[in-house]
Amino acid sequence: MNPLISYSDISITMSGKLIFSIDKLEVPAHQCTLLTGRNGSGKTTLFKIMAGLLKPDTTKIHYQGLDMTWSQGKPYIQKDIIYLHQQPYLFDASVTDNIAYGLHRSGENKASIHKKVMQALEWADLSHLAHRSAKQLSGGEKQRVALTRARILSPRLLLLDEPTASMDTQAKQQTGLLLQRLKFEGISIMISSHETHTVEHLADQHWQLEQGQLNVLKKSPVTDNVTHLNAAKQKN
Ligand SMILES: Nc1ncnc2c1ncn2[C@@H]1O[C@H](COP(=O)(O)OP(=O)(O)OP(=O)(O)O)[C@@H](O)[C@H]1O
Ligand SMILES: [Mg+2]
């Protein structure tokens, strides 16, 4: 299957330090990829580059048959790839208004927005929270509202940064269920996590950022086969 999007030669330096230099990153379509790596290995930075939110020093993008620089690809990737922060930012408004926000921005009419939001609330089992203030929700509830708000914009790829961090078991299960539904709907997903065990069951493959390199840890019940995708280019 063709990848959803390919990035080549992605590198970024922050405060004079090379964070990573990745020869090739191909996002599998309709699959879930788990990204792990130690604190500071660059997972968040990579996600922000992939979502068109942070300009890297270098990268080329191949998307929808086109070869582009990051700047040329930015409008396309910002539309189709959504990055979700660990602690999602919700507006000081109702859950319904938060979910509707992106649709208002895209200029949809009110009746259509209302219908979509009601369906989305039902999809996420959030109907009972529709009129609650989003600011008052628990961390787990906020994460589910943020996932619903993202889904309603019909992304092709969701990049989830630590989606289950500081959640209790029930909240993790509820988030996991929504992620499973998103995957079933064909949305490609990448999840960065330190809690491998809570999301591993969703993942079709497992990548690891380590010392500026992206390694593929092939999932296998017998052995984890490590393939190096790129040569070490760390300056350190
Ligand atoms: N705006 C910035 N300016 C300077 N350095 C930065 C900036 N953002 C990130 N860094 C550095 O880049 C490196 C990678 O950070 P990043 O947040 O991407 O790591 P991470 O893998 O997401 O870590 P964690 O697991 O803790 O979330 C770190 O050394 C961090 O200090
Ligand atoms: Mg991070």
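Visitor: How many helices and strands does the protein chain have?
Guide: The chain has seven helices and 11 strands, where helices (H or I, at least four residues) and strands (E, at least two) are DSSP runs numbered from the N terminus. This is a predicted model, in which local features need pLDDT of at least 70, side-chain atom pairs count only at pLDDT 80 or more, and totals for chains, interfaces and linings use all residues. Residues are numbered from 1 along each chain as its sequence is written, while chains are lettered from A and ligands numbered from 1 in the order in which they are written.

Visitor: What about ligand 1, which residues are around it?
Guide: Met14, Ser15, Ile19, Gly37, Asn39, Gly40, Ser41, Gly42, Lys43, Thr44 and Thr45. A residue is near a molecule if its C-beta atom, placed from the backbone, lies within 6 Å of it.

Visitor: Which helix gives the most to that shell?
Guide: Helix α1, residues 43-50, with three residues.

Visitor: Switching topic, how do α5 and α6 pack?
Guide: Helix α5 (residues 139-151) and helix α6 (residues 169-184) pack at an angle of about 10 degrees, their axes 9 Å apart. Axes are lines fitted to C-alpha atoms, for helices over the stretch in contact, and angles run from 0 to 180 degrees between N-to-C directions.

Visitor: And which residues meet there?
Guide: From α5, Gly140, Gln143, Arg144, Leu147 and Arg151; from α6, Ala171, Gln174, Thr175, Leu178 and Leu182. Two residues are in contact if their C-beta atoms, placed from the backbone, lie within 7 Å.

Visitor: What size of box do the C-alpha atoms fill?
Guide: Roughly 50 × 40 × 40 Å, taken along the principal axes.
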